Amino acid sequence: MAGGGAAAAAPPLSSPWRALLQRALDANAHLRHSTYFQLATVGAGGRPANRTVVFRGFQEHSDKIQINTDARSNKIGERRNCPFGEICWYFTDSWEQFRISGSIDAIDGSSADPAKLQNREKAWFASSVRSRLQYLGPQPGVPIIDEEQVKDVRLDPSADPVEAFCLLVLDPEKVDYLNLKNNQRLIFTRSQKEDGSIDWMAEKVTP
């Protein structure tokens with residue numbers, strides 16, 4: 001799981017479910033774990049793969065959700081084989097759950113898009129130094145041979161993103177919202193208009 005760090009401030013709300021999510025974030029802000037959620041992808045052999053990650057804010061002027069990760073982790077290969085994922089985000093104080101599904105973009109240092117590289121750099125420097133240190137260690141999931149080597153890692157706080165740092169960006173296509181306090185469930189589905197603009201349809205369903 002990626003380390004702590006303040007999430008980026010949210011831009012003006014651009015979709016109906018964002019207002020619900022922002023309200024939940026505000027109501028649960030006193031709980032540190034309110035910025036943690038589960039990200040599910042499709043693993044090897046079509047099996048589900050799930051892990052807890054940290055919310056790193058929304059990409060500027062969009063509803064896209066940012067997540068920091070190690071470019072050497074399994075989720076990168078999983079995303080390459082199947083570019084879709086789903087977030088499950090439960091807020092314990094307000095009893096609200098958001099299941100947010102969509103496509104995932106992985107931005108590492110090899111990206112040819114200057115705007116994406118800039119977003120990656122912003123995410124890097126927005127993270128704490130302690131969080132950034134994780135990307136200087138051995139590849140995630142491999143056996144530890146030398147415990148001291150893992151501990152003896154240094155980082156210049158002004159240094160640019162390291163090769164292992166990757167920014168994941170989930171572009172929501174469907175949001176399944178459940179409020180257990182008032183027993184309300186809403187499903188928001190994204191569609192594209194003829195002019196290319198995005199539209200969201202909301203449907204109230206049984207919980």
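Trainee: At the start of α3, which residue's side-chain oxygen reaches to the backbone nitrogen of A115?

Mentor: Good place to begin, and keep in mind that this is a predicted model. Helix α3 covers residues 114–126. At its start, a side-chain oxygen comes to within 2.9 Å of the backbone nitrogen of A115. That oxygen belongs to D113.

Trainee: How far does α3 reach from its first C-alpha to its last?

Mentor: The helix has 13 residues. At 1.5 Å a residue, 18 Å is expected, and the model comes close to that. The reach from first C-alpha to last is 18 Å.

Trainee: Why do the buried residues of α3 lie on the same side of the helix?

Mentor: The buried residues are N119, R120, A123 and W124. In general, an α-helix has 3.6 residues a turn, so residues three or four places apart point the same way.

Trainee: Which residues touch the most other members of the largest nonpolar core?

Mentor: This core has 27 residues. Elements that give two or more residues to it include α1 (16–27), β4 (84–91) and β5. Apart from it lies another core, of 10 residues, with W124 among them. In the largest core, the residues touching the most other members are L21, W89, F98 and I100.

Trainee: Is P48 buried or exposed?

Mentor: P48 is placed in strand β2 (residues 48–54). Leaving aside neighbours within four places in sequence, P48 is in contact with T41 and G43. Its relative accessibility is 77%, and the cut-off for this class is over 50%. Therefore P48 counts as exposed.

Trainee: And D63, is that residue buried or exposed?

Mentor: D63 lies in the loop between β2 and β3. Its relative accessibility is 11%, where the cut-off is under 20%. Therefore D63 counts as buried.

Trainee: Which side chain makes a polar contact of 2.8 Å with the side chain of D63?

Mentor: The side chain of D63 makes a polar contact with the side chain of S15, at 3.0 Å. Another residue is joined to D63 through side chains at 2.8 Å. That partner is R18.

Notes: Residues are numbered from 1 along each chain as its sequence is written. This is a predicted model: local features need pLDDT of at least 70, side-chain atom pairs count only at pLDDT 80 or more; totals for chains, interfaces and linings use all residues. Side-chain values use heavy atoms; hydrogens and water are left out. Helices (H or I, at least four residues) and strands (E, at least two) are DSSP runs, numbered from the N terminus. The expected span of a helix is 1.5 Å times one less than its number of residues. Buried means under 20% relative accessible area, exposed over 50%, partly exposed in between (1.4 Å probe, protein chains only). A polar contact is a pair of N or O atoms within 3.5 Å; within protein, one must be able to donate a hydrogen and the other to accept it, and residues adjacent in sequence count only if both atoms are side-chain atoms. A nonpolar core is a set of buried Ala, Val, Leu, Ile, Met, Phe, Trp, Tyr and Cys residues joined through side-chain atoms within 4.5 Å. Contact means heavy atoms within 4.5 Å.
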